[in-house]
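Morning, everyone. Please put the model up on the screen, and I will walk you through it.

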Amino acid sequence: MTRSTSERVERPSRLGSAPPANMADTRPRKPAFTTRRGLGIAAFMAPAVLFVVVFIYYPMISGSQMAFRNWNLTDLTDTSWVGFKNFQAMFADPVFYTVLGHTAVWVAGSIVPQFVIGFAIALWLRRHFRFRGLYQALIFFPWAISGFLIGILFRWMFNSEFGVINDLLSKAGLIDQPIPWLADPKTAMIAITVANVWYGVTFFTIMILAALQSIPDELYEAASLDGAGKARTLFQITVPSIRATLSLTVLLRVIWIFNFPDIIFGMTGGGPSNETHIVTTWMISITQQGDYGKASATGLIVVTMLLVFSVFYLMATREKKGAKS
Amino acid sequence: MRRRKATFALGLATAMALTGCAAGVSDGTVTIHMVESLTNPTRTAVLKTLIAQFEKQNPKIKVDLISPPTDQADQKIQQMLQSGTGIDALEVRDITAGPWSTNGWLYDMSKELQSWSGWKNLTENAIKYSKDAKGRTDYIPYGFYGLSLFYRTDLVAKKGFKNPPASWDDLLTQATAIQDPSNHQYGYAFRGGTNANSNAVAVIEAYVADKIDLDNGFKLTDGRTIFSAPEALNALNTYFKLFKQASPPSSVAWGYPEMVEGFSNGSTAFLLQDPEVIATVGQSQVINKSQWATAPLLTGPSGKAIQPVATAGWGTAASSKHKAETAKLIEFLSQGEASTTFTKENSLVPILQGASEDTFYKTGPWASYLTMTENPSKYITVTQPRSSSWWTEWIQKSDAEVQKVLLGKMTPEELLASWDTYWTEKWKGQ
Amino acid sequence: MINKESIAGRIVRIAFLAMWLVITVFPLYWITITSLKIPGAIFKFPIAYWPDEFSLQNYAGLFSKAQFGVYLGNSLIVATVAGTVATAISILSAYVLARFEFRSKTALLMAALVTQMIPSFIALGPLYMMMTQLGLVDNRFGLILVYIAVCIPFCTVMLRGFFENVPDALEEAAMVDGCSRFGALFRVLLPVMRPGIVAAFIFNFVNCWNELFLSVTLMNSDTNKTIPTALNGFISSFNIDWGSMSAAAVLTIVPTMALFAFASRYIVQGLTSGAVKG
């Protein structure tokens with residue numbers, strides 16, 4: 001297979017189709033800067049940039065200053081600048097590190113099952129079967145429900161006295177005493193993670209299913225002619241072809257799950273005894289105390305952490321790509 | 001593609017048309033915006049009828065009621081107050097009054113209400129809470145909350161008890177007797193979740209009733225905190241026994257809604273709650289009116305109980321451009337028929353003298369409140385430091401620590417030491 | 001399109017898909033059943049998986065208290081308009097980000113990612129102030145503008161991925177045939193990307209439909225409330241009346257479910273039409 005060193009060759013759609021790849025190379029892909037081209041790009045980007053700057057970045061930056069001020073709603077008569085005091089207070093608080101630990105458990109415990117199940121379903125949904133359309137419609141539903149409602153849905157099912165989950169478990173003979181799911185830190189963490197997995201699988205399924213459609217059949221045909229087995233086809237054709245979508249989807253989900261207080265608020269409110277707080281829910285509980293300075297500082301710490309993570313993550317996924325080609 | 005473009009255009013045009021502002025009216029009619037905080041559909045409906053009556057009496061004033069979801073309401077009100085627009089009358093709670101007043105968001109209504117004829121009809125408590133420490137009138141209470149014990153008459157009788165529990169010890173005995181998890185029957189609707197601290201404090205206060213500072217329910221007459229008293233430990237030991245022996249295990253996470261539900265769905269036999277619960281339990285589809293009643297607040301070993309007062313009311317935003325009209329609305333809501341309707345419909349302790357003479361307040365579940373008001377030396381009313389600026393911080397800290405004890409991660413001794421230190425230091429810093 | 005599978009593989013596949021279907025549908029079944037039980041019956045033992053008697057009492061209670069039609073209409077307008085406009089704007093930016101190399105590109109993509117990391121409460125206060133000054137508080141148009149902005153970053157990133165999966169050859173052929181770049185985008189690329197665009201729109205729509213905090217902050221009057229705000233109001237004041245809460249939840253879920261049922265068929269059509277195959 002002919003491969004140029006141009007970075008765009010990694011684009012999956014090109015794999016196995018040499019002529020277009022060559023064609024692309026003959027086309028001036030990175031022309032010298034011209035005013036017309038620059039204006040064109042600007043014109044296409046302008047609406048998006050304008051909206052995001054005005055309605056997201058301006059309020060965000062304007063709000064971030066609270067992190068460097070003594071900004072407590074219980075007394076706004078003195079909102080003087082305090083430098084990094086709020087940040088120091090955060091880092092000095094042992095709870096911050098416990099909460100970070102919970103966050104890691106929450107993110108990892110949610111994303112791994114979501115990814116595996118979502119990927120498997122997407123792969124299996126490629127094959128045609130009767131009622132596939134109906135099946136898809138049914139399993140896509142969780143994504144249509146708000147996190148708040150999911151919290152309520154699962155709080156009801158995990159209810160210790162009247163909940164259906166305890167009832168099913170005891171019918172199956174797995175428990176003889178009802179489990180007070182949301183009253184015990186360990187089981188509460190399990191319960192919120194289960195709810196989040198239930199909710200998030202769909203997102204992976206949809207994104208991966210859409211990406212899978214872009215893999216040309218010829219690739220699979222070629223692979224099967226080569227006598228490639230299932231696993232080899234999966235790891236040598238499917239995964240590399242949709243790597244861009246996969247890595248981006250995982251990254252987005254990590255960021256979202258990190259910042260997803262809804263289900264936790266609906267189910268445990270961060271309790272019992274703060275044992276299911278993630279950084280985001282904890283931050284909200286700080287705002288409820290009125291201390292927006294400290295909460296904003298936490299918010300900026302979160303943004304910084306996620307940003308650093310994203311940069312490393314993007315670098316790591318890019319390198320792997322390079323190594324393979 | 002052309003069709004798609006047309007759809008876009010149509011969509012935008014519709015959006016514009018639909019969002020067009022109503023033309024301003026300039027016939028001297030004033031619109032005042034009123035924001036409620038403890039929103040619920042039934043209450044909003046009552047408020048709307050009262051507002052309609054007010055508008056009928058004052059044709060030049062229109063009232064626009066804004067009812068945000070109660071979970072987000074205080075935050076929204078803060079934003080409105082901070083921005084200084086779109087808010088005239090608002091619901092102020094005893095716990096928000098302090099901070100909002102400090103920030104200069106609340107208007108001192110003393111001047112507008114000076115000549116109000118309604119003052120003379122208010123109860124002593126209502127007048128007291130209409131003025132803050134500096135003599136400002138930030139809000140007029142619309143009613144009061146206070147604890148009483150909801151109990152299942154049938155279950156108590158079945159276990160052979162002649163009377164409902166009068167003291168915390170009685171409660172422990174009776175709840176333990178009723179507890180029967182294998183039949184889904186539990187004794188006490190324990191508060192382990194949000195605001196778990198409030199009932200823990202209530203039991204401590206009952207145990208130190210003889211030496212409590214009436215103006216600060218967290219203080220003893222000798223100036224130290226109630227948590228430092230040796231009786232406090234006895235109180236907590238009884239209280240946590242109640243959890244272990246006589247409450248559903250899931251109640252570690254029970255807040256207000258779960259407790260109320262736990263009582264009204266029949267799974268628990270006792271509930272310590274505010275009078276507004278009377279209406280909710282009255283609508284229960286599981287237990288009927290003959291199966292439950294209320295008893296006065298539980299006493300400590302000295303035979304006395306401490307009733308903490310909680311309240312909320314109507315105030316005026318400092319940024320309001322229609323303060324006179326807003327004051328008129330608040331006067332209307334705080335007197336006569338309007339006030340009585342509001343307190344009755346929402347089951348609150350009334351703010352008007354003589355309102356408790358109404359048979360409504362003398363019979364059924366309300367009778368225990370009458371007993372309590374008639375025996376002020378046994379059921380002592382105290383003010384809690386609810387207006388402290390650190391009150392929400394305290395609630396979150398103390399709730400988490402109560403749960404820690406319930407989960408066995410902290411001892412009652414450690415909890416009391418922690419609370420004692422917390423308040424001692426806060427008072428020192430004042 | 002995929003090689004034959006073994007019988008064992010087939011059994012595993014069917015068993016897994018069936019199990020996941022049960023797991024997905026059961027909570028929805030359960031909340032619906034809960035909402036249809038006679039109030040009080042949900043606290044009876046043994047727990048009934050199919051009630052002896054159905055009742056609409058929980059729903060009647062809801063409708064007597066609220067103007068659901070109004071909230072439903074507001075949510076539909078806001079989510080449809082914001083979702084559509086955001087998708088259109090994102091197509092343009094995604095296209096540029098997928099097809100051109102320029103210096104600020106990485107920065108722009110990072111900037112889009114950062115918007116997903118910001119906790120909303122930081123921006124809520126200043127946003128409220130700004131909208132007040134613009135006279136856009138308690139105004140559906142104002143909420144639409146904000147929703148568009150909220151949707152754009154993710155929508156752009158998502159569509160960019162889809163653009164990148166479409167071979168350049170397609171447009172190139174069109175451009176050789178004399179199309180302008182803009183023409184090539186609309187005539188050749190967009191039809192091919194239809195499933196991706198529909199998916200992007202659905203994400204936008206669902207996000208706007210379910211959004212709570214911005215809606216609570218920016219809308220005041222009852223006539224401007226959206227469904228999540230109204231339901232949150234109900235639910236948080238219901239004292240865990242599970243029957244009414246379930247009914248309220250079912251009522252919110254049904255419209256999005258209908259949309260998904262309709263749209264997922266559309267996605268499937270688009271996906272199976274094979275238009276995207278290189």
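I will go from chain contacts to helices, then to domains and strands.

First, the ground rules. This is a predicted model, where local features need pLDDT of at least 70, side-chain atom pairs count only at pLDDT 80 or more, and totals for chains, interfaces and linings use all residues. Residues are numbered from 1 along each chain as its sequence is written, while chains are lettered from A and ligands numbered from 1 in the order in which they are written.

Start with chains A and C. How many residues does each give to the contact? Chain A gives 82 residues and chain C gives 84 residues. Contact here has a cut-off: two residues touch if their C-beta atoms, placed from the backbone, lie within 7 Å. On the chain A side, helix α2 (residues 35-64) gives the most, with 14 residues. A word on elements: helices (H or I, at least four residues) and strands (E, at least two) are DSSP runs, numbered from the N terminus. By class, that side of chain A has 56 nonpolar, 18 polar and eight charged residues. The classes are these: Ala, Val, Leu, Ile, Met, Phe, Trp, Tyr, Cys and Pro are nonpolar, Asp, Glu, Lys and Arg are charged, and the others, Gly among them, are polar.

Now chains A and B. Their contact takes 21 residues from chain A and 22 residues from chain B. The side of chain A that touches chain B divides into seven nonpolar, 12 polar and two charged.

Chain C next. It has 12 helices and zero strands. Its C-alpha atoms fill a box of roughly 70 × 65 × 30 Å, along the principal axes.

Back to chain A, for one helix pair. The axes of α4 (residues 94-126) and α8 (residues 185-212) of chain A come within 6 Å and cross at roughly 40°. Axes are lines fitted to C-alpha atoms, for helices over the stretch in contact, and angles run from 0 to 180 degrees between N-to-C directions. Why is α4(A) called oblique to α8(A)? Because of that crossing angle: under 35 degrees counts as roughly parallel, over 145 as roughly antiparallel, 65 to 115 as roughly perpendicular, and the rest as oblique. The contact of α4(A) with α8(A) has 16 nonpolar, eight polar and one charged residues.

On to chain B. Its domain assignment, automatic or from a database, gives domain 1 (30-145 + 310-361) and domain 2 (148-308 + 371-428). Their centres, taken over C-alpha atoms, are 29 Å apart. The contact takes 13 residues from domain 1 of chain B and 12 residues from domain 2 of chain B. Helix α4 (residues 94-102) of chain B gives the most to the domain 1 side, with six residues.

Now the strands. Chain B has an open sheet of four strands, in the order β6-β9-β5-β10, with mixed pairing. Strands pair if DSSP finds at least two bridges between them. Which strands sit at the edges? β6 (186-188) and β10 (292-295) of chain B, each pairing on one side only. The twist averages 20° from one strand to the next. β5 (residues 148-152) and β9 (residues 268-273) of chain B run antiparallel, joined by four bridges. There, B:Y151 has B:F270 as its bridge partner. Helix α11 (residues 256-264) of chain B packs on the sheet and touches β5 and β9 of chain B.

Last stop: a hairpin. β7(B) and β8(B) form it, with two residues between them. B:D213 has B:N216 in β8(B) as its bridge partner.
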